[in-house]
Amino acid sequence: MSAPESDEQLAERLATAAGRLLDELRADSGLEGKALGTEGDARANALLCRELRAARPDDALLSEEEKDDAARLAHRRVWIVDPLDGTREYGEGRRDWAVHVALAIDGVASVGAVALPGQGVTLTSGAPIALVPANTPPRMLVSRTRPAAEAVFVAERLDAELVAMGSAGAKAMAVVQGQADIYLHTGGQYEWDNCAPAAVAAAAGLHVSRVDGSPIRYNNPDPYLPDLLICRKELADAVLRLAAAYRPAQE
């Protein structure tokens with residue numbers, strides 16, 4: 001008799017399956033742009049929610065593409081998923097998009113899987129990869145379309161190279177994989193944008209926190225999260241100090 005599927009195995013299996021579904025849809029549907037992104041979101045969400053409810057019927061679920069149910073607040077275990085992180089990149093035929101499947105336990109990002117179908121990999125908290133040496137100079141990830149002023153401020157003072165990239169999951173996993181060293185985001189996200197990336201990054205030995213250094217808590221009544229820092233631990237103190245020193249330019 002085979003052993004029951006662990007939470008880590010479940011997260012990895014479902015993130016990978018949703019990524020495969022999205023790859024096939026993009027290749028075969030004839031859709032593109034916004035229409036492709038909308039259809040991909042819907043189909044990946046249906047797969048993830050169906051499978052999670054079947055495999056973990058006693059757990060709660062928070063998905064970007066589902067109507068929020070406040071009953072989740074009474075649960076210790078809440079699955080938090082983003083069926084397609086980087087809808088715009090996906091619709092444009094780019095590689096920097098992801099699928100997020102996470103489990104928060106008592107508000108902590110405890111299990112996570114981030115599928116990167118464009119790279120053919122799924123990174124998970126259950127099998128963290130070894131960190132490679134840091135880049136010199138450090139590399140900081142920013143949004144393709146709206147780099148945060150705080151990130152630019154910190155990068156200039158660290159002599160860091162700015163690297164534009166798409167989805168939150170792709171950025172966070174670039175730090176895990178050693179392609180970059182700092183992901184500082186202050187433009188606002190939601191719990192599904194960073195719960196899985198946070199779990200994977202923490203398991204790999206990276207620093208994960210709010211931009212003021214406080215821990216990130218999940219399964220809140222309002223799933224909005226203002227900011228996030230994922231970076232090499234040896235850079236965390238400097239990044240946090242510089243972020244605290246940032247003052248917006250006066251109009």
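At what angle do helix H1 (residues 7-28) and helix H2 (residues 33-55) pack, and how far apart are their axes? The points below take up that pair, then the sheet and the helices around it. The model is a predicted one.

1. The helix pair. H1 and H2 pack at an angle of about 155°, and their axes are 10 Å apart. Angles over 145 degrees count as roughly antiparallel, so H1 is roughly antiparallel to H2. The crossing in which H1 passes H2 is right-handed.

2. The contact between them. On the H1 side, the residues making the contact include Leu 10, Leu 14, Ala 18, Leu 21 and Leu 25. On the H2 side they include Leu 36, Gly 40, Ala 44, Leu 47 and Leu 52.

3. Five strands make up an open sheet with mixed pairing, in the order S7-S6-S8-S12-S10. S7 and strand S10 (207-209) are the edge strands; each has a single partner strand, so one side of each lacks a neighbour in the sheet. On average, neighbouring strands here are turned by 20° against each other, direction ignored.

4. Pairing within the sheet. Strands of a sheet pair through backbone hydrogen bonds, in either a parallel or an antiparallel sense. S6 and S7 pair in the parallel sense, over five bridges; Arg 139 has Glu 161 in S7 as its bridge partner. S8 and strand S12 (residues 228-231) pair in the antiparallel sense, over four bridges. Ile 230 in S12 stands opposite Tyr 183.

5. Strand S6. Is S6 largely enclosed or left open by the rest of the structure? Four of its five residues are buried, so S6 is largely enclosed.

6. Helix H4. Within H4 (residues 149-158), the buried residues are Ala 151, Phe 153, Val 154 and Ala 155. Their cover includes three strands of the sheet, S6 (139-143), S7 (161-165) and S8 (182-185), and also helix H7 (233-245). After H4 comes Asp 159, with a positive phi near 55°.

7. Helix H6. Which strands does helix H6 (residues 191-203) lie across? H6 lies across S10 and S12, and runs at about 30° to S12. Of these two strands, S10 is an edge strand of the sheet, while S12 pairs with S8.

Methods: Residues numbered from 1 in each chain as written. Predicted model: local features only at pLDDT ≥ 70, side-chain atom pairs only at ≥ 80, totals over all residues. Heavy atoms only, no water. Buried < 20%, exposed > 50% of the residue type's maximum accessible area, 1.4 Å probe, protein only. Contact = heavy atoms within 4.5 Å. Axes fitted to C-alpha atoms, helices over the stretch in contact; angles between N-to-C directions. Parallel < 35°, antiparallel > 145°, perpendicular 65-115°, else oblique. Left-handed = near helix turned anticlockwise from the far one by under 90°. Pairing = 2+ DSSP bridges.
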